[in-house]
Amino acid sequence: MSSQKFVRPIFDNPFLNIEELPNDTIKRQPEPLTQANFDPNGTSLVISKDVDLDINKKTWMRIYVPRRIIANHDDDKLPVIFYYHGGGFVFFHVNSYGSDLFCQQLSEKLDAMIIALEYRLAPENRLPAAYDDAIDGLNWIKSTQDEWIQNYADLSNVYLFGSSSGGNLAYHAGLRVASLSDRELEPVKIKGLILHQPYFSGKNRTESEEKLKDDPTLPLQAIDKMFDLSLPKGTLDHDHEYSNPLLNGGSKHLDDMFTRGWGILVTGVSEDPLIDALRNFADFIEKKGVKTFKLFGDGYHVIELFEPSKAAVLFDAIRDLISATKN
């Protein structure tokens, strides 16, 4: 589909001019941040609260639940979806406006508990720091006495969901979990991954990366730069296990995902430079025997964050994944 058919939003895109500063940091422009909505007597369909994860690492989480479950004192247990925001591992936060609005939509439309993680950003904290934070979050829900988790969370029905770099994070957190014994995370049971336009690339350019190298939302130079800033120091190129999931035949823990019966939803859109890498990845895990769900259509990178009405098809695909993996 021609790019002219999509009117891109006008916004201050931090990916276009990334300015490095001394002492392993970058310049980040101030952005409006949201507050949790913890008023159970209000009118919004979703309420949220913030909880600390690791004060030393400055990590925390925002938990979202449909208002009706608290207002009506429902006994329903909700599926739990961990959400990891995008931003190339170097930008944005769990309380950034776009992430917060998207998580409210998720909770409302999927009737689920959403736990959005504020993970550490690069280059101050390079990978695997964000992956470590995701595992910290899973360890938190298995042992916390938090009232919402105790009363409303179905810990036997947990999914890891990420957009863009968050999709990369969800995949690598999933690989770690798959390598564990069931006993190590009890009572938490992961049922699947939702990899929404995940941030995967490698040393060799794909056709879509070449064709869409000047994409106004996620240009090729930004894809490369953000991996330069987030991969471990000393990494020679982007054929690293954190950036290229097909490297050396992929992770051995894909076999563990297959054995556990997880489902993996992979999404991609026509005007995203990552689209070829995502199609290749989805075909790769499908050939590995993993229960693979695919959603490929038209649009630009993370279009749902700019045009919330476009999220309906994505939510339908997530419902299908949950329905197919809940038992």
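A residue counts as buried when its relative accessible area is under 20%, as exposed when that area is over 50%, and as partly exposed in between, using a 1.4 Å probe and protein chains only. By that rule Gln-197 is buried, because its relative accessible area is 1%. Welcome to this structure, which is a predicted model: local features need pLDDT of at least 70, side-chain atom pairs count only at pLDDT 80 or more, and totals for chains, interfaces and linings use all residues. Residues are numbered from 1 along each chain as its sequence is written, and side-chain values use heavy atoms, with hydrogens and water left out. Helices (H or I, at least four residues) and strands (E, at least two) are DSSP runs, numbered from the N terminus.

- Gln-197 sits in the loop between strand S8 (190-196) and helix H7 (207-211).
- Leaving aside residues up to four places away in sequence, Gln-197 touches Ser-164, Thr-267, Gly-268, Val-269, Asp-272, Leu-274, Leu-278, Tyr-300, His-301, Val-302 and Glu-304; a contact means heavy atoms within 4.5 Å.
- Ile-318 belongs to helix H12 and is buried, with a relative accessible area of 0%.
- Not counting residues up to four places away in sequence, the contacts of Ile-318 are Leu-106, Leu-110, Phe-161, Ile-194 and Leu-265.
- Between the C-alpha atoms of Ile-318 and Leu-295 there are 9.8 Å, and the two residues are 23 residues apart along the chain.
- Phe-38, in the loop between strand S2 (25-26) and S3, counts as exposed at 52% relative accessibility.
- With residues up to four places away in sequence not counted, Phe-38 touches Ser-48, Lys-49 and Trp-148.

**How helices H2 and H12 pack**

- Two packed helices are described by the angle between their axes and the distance between the axes.
- Helix H2 (residues 97-110) packs with helix H12 (residues 312-325) at an angle of about 50°, and their axes are 11 Å apart.
- Here the axes are lines fitted to C-alpha atoms, for helices over the stretch in contact, and angles run from 0 to 180 degrees between N-to-C directions.
- H2 and H12 are therefore oblique to each other; angles under 35 degrees count as roughly parallel, over 145 as roughly antiparallel, 65 to 115 as roughly perpendicular and the rest as oblique.
- On the H2 side the contact involves Phe-102, Gln-105, Leu-106, Lys-109 and Leu-110, which meet Leu-314, Phe-315, Ile-318 and Arg-319 in H12.
- The residues of this contact of H2 with H12 divide into six nonpolar, one polar and two charged.
- For that grouping, Ala, Val, Leu, Ile, Met, Phe, Trp, Tyr, Cys and Pro count as nonpolar, Asp, Glu, Lys and Arg as charged, and the others, Gly among them, as polar.

**Salt bridges**

- The whole structure holds 19 salt bridges, each being a side-chain nitrogen of Lys or Arg within 4 Å of a carboxyl oxygen of Asp or Glu.
- One of them joins the side chains of Asp-136 and Lys-57 (2.9 Å, N to O).
- That pair links distant parts of the chain, with Asp-136 in helix H3 (residues 129-143) and Lys-57 in the loop between strand S3 (46-54) and strand S4 (59-66), 79 residues apart.
- Asp-136 is partly exposed, with a relative accessible area of 22%, and Lys-57 is partly exposed at 28%.
- Arg-62 and Asp-100 also meet through their side chains in a salt bridge (3.2 Å, N to O).
- Arg-62 lies in strand S4 and Asp-100 in helix H2, so this pair ties together parts that are 38 residues apart in sequence.

**Backbone details worth a look**

- Most residues other than glycine have a negative phi, and most peptide bonds are trans.
- The peptide bond from Leu-127 to Pro-128 is cis, with omega near 15°, and Pro-128 is in the loop between S6 and H3.
- Another cis peptide bond runs from Glu-186 to Pro-187, with omega near 5°; Pro-187 is in the loop between helix H6 (182-185) and S8.
- Asp-24 is a residue other than glycine with a positive phi, near 55°, in the loop between strand S1 (20-21) and S2.
- Phe-92 has a positive phi too, near 75°, and lies in the loop between strand S5 (78-84) and H2.
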